[in-house]
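Please keep the sequence and the structure in view while reading.

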Amino acid sequence: MGKHKGKHKGKHKGKHKRKTMAQRADRHALYQQTVQAPEADIEFFEKIFEQHRGRKALSLREDFCGTALFSTIWCQSDKNRTALGIDLSKDTLDWGRERNIEPAGVDVANRVRLVCGDVRSNEYEQVDMTVAMNFSYCVFQTRKALLEYFKVARKGVKDDGMFVVELYGGMEAIQEVEDEREYDDFTYVWEQEKYNPIDHTTLCHIHYVFDDGSELRKAFTYDWRVWTIAELREIMEEAGFSRVRVYWEEVEDEEDSDEDSDTLGGSGEYVEVEEVENQESWLVYIAAFA
Ligand SMILES: C[S@@+](CC[C@H](N)C(=O)[O-])C[C@H]1O[C@@H](n2cnc3c(N)ncnc32)[C@H](O)[C@@H]1O
């Protein structure tokens, strides 16, 4: 992967220095801008929910909800929708309440419930659909820990409900690499610092590098297990889900290639598959039905 490409314009000079772009930046706002796309996810999830369940999903549980952006947009998408967001970080939940939920208006705010707690707690009401976005469940690094979480996830969805997670993988996922994406006035950097082949754990970071040369290093750090699709499927089945489906990104014809897509040559459209050609890197959605 290339280094930053001569974009940075140097630091401000003079006695009364202005704050750098990194000092002025808000890491949660940057995170939402660079790694989340809830509108597209919701559109896709409601489609597969309807295909499998023959009805509209109304109640959502967002595990590892962070700033609860997904929950907010879910409730904005239909006046009958409700969301329960669960996260361990009070600061992140507070940020989300102030910056996402309250600005969405009282009607939406009344339908989003945030809980500062562990996703492995069994105390929450059953919902139509539970989501665990952006690989968050990879914090559970052993089969035992992941099984415990998936069992709770199974109990948390109704018998005609659905549980969806995202997973990334491929040869590149187990390499020490840095990937960059350019935005208007900063660069998003995904760093895979370490990978341990003995237990398949990885240490990754998100950094933001600004056009004035300042940086937010390790804005977010993840200590994850690199799970495989086959492992997740087996553990979901063991947790009590009866059907597990894998959705893979369709490859696009060269002439309509979409630069916004996650994977090179990807169309942004996900289809249910059982066998695919191997890829350097991939991102899938895995849907488990009770
Ligand atoms: C990768 S962020 C996910 C943010 C957001 N949901 C998204 O889609 O990008 C991971 C979040 O999981 C939370 N978290 C980690 N372990 C947790 C646990 N056992 N129970 C609840 N939240 C947890 C962290 O506080 C953090 O906000």
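This is a predicted model: local features need pLDDT of at least 70, side-chain atom pairs count only at pLDDT 80 or more; totals for chains, interfaces and linings use all residues.

For the classes used below, Ala, Val, Leu, Ile, Met, Phe, Trp, Tyr, Cys and Pro count as nonpolar, Asp, Glu, Lys and Arg as charged, and the others, Gly among them, as polar. Sorted in this way, the lining of the second largest pocket comprises 12 nonpolar, 10 polar and 7 charged residues. This second largest pocket, in which the ligand sits, has a volume of about 670 Å³. Its lining is made up of 29 residues, and those closest to the pocket centre are Phe 64, Gly 66, Asp 87, Ser 136 and Tyr 222.

Which elements of secondary structure each supply at least two residues of that lining? They are the helix α2 (27-35) together with the strands β1 (59-63), β2 (82-87) and β9 (215-225), and it is β9 that gives the most, with 5 residues.

Turning to the ligand itself, there are 18 residues around it, of which Tyr 31, Phe 64, Asp 87, Val 119 and Asn 134 come nearest. This shell divides into 8 nonpolar, 6 polar and 4 charged residues.

An oxygen atom of the ligand lies 2.3 Å from an N or O atom in the side chain of Tyr 31, and an oxygen atom of the ligand is 2.6 Å from an N or O atom in the side chain of Asp 87.

Notes:
Residues are numbered from 1 along each chain as its sequence is written. Side-chain values use heavy atoms; hydrogens and water are left out. A residue is near a molecule or strand if one of its heavy atoms lies within 4 Å of it. A polar contact is a pair of N or O atoms within 3.5 Å; within protein, one must be able to donate a hydrogen and the other to accept it, and residues adjacent in sequence count only if both atoms are side-chain atoms. On a 1 Å grid over the protein atoms alone, a cavity is a set of points where a 1.4 Å probe fits but cannot get out, and a pocket is an open set with protein on both sides within 12 Å along at least five of seven lines; lining residues have an atom within 4 Å of a point. A molecule sits in a cavity or pocket if more than half of its atoms lie within 2 Å of its grid points. Grid points are joined across faces, edges and corners, and a volume is the space filled by probe spheres set on the points. Helices (H or I, at least four residues) and strands (E, at least two) are DSSP runs, numbered from the N terminus.
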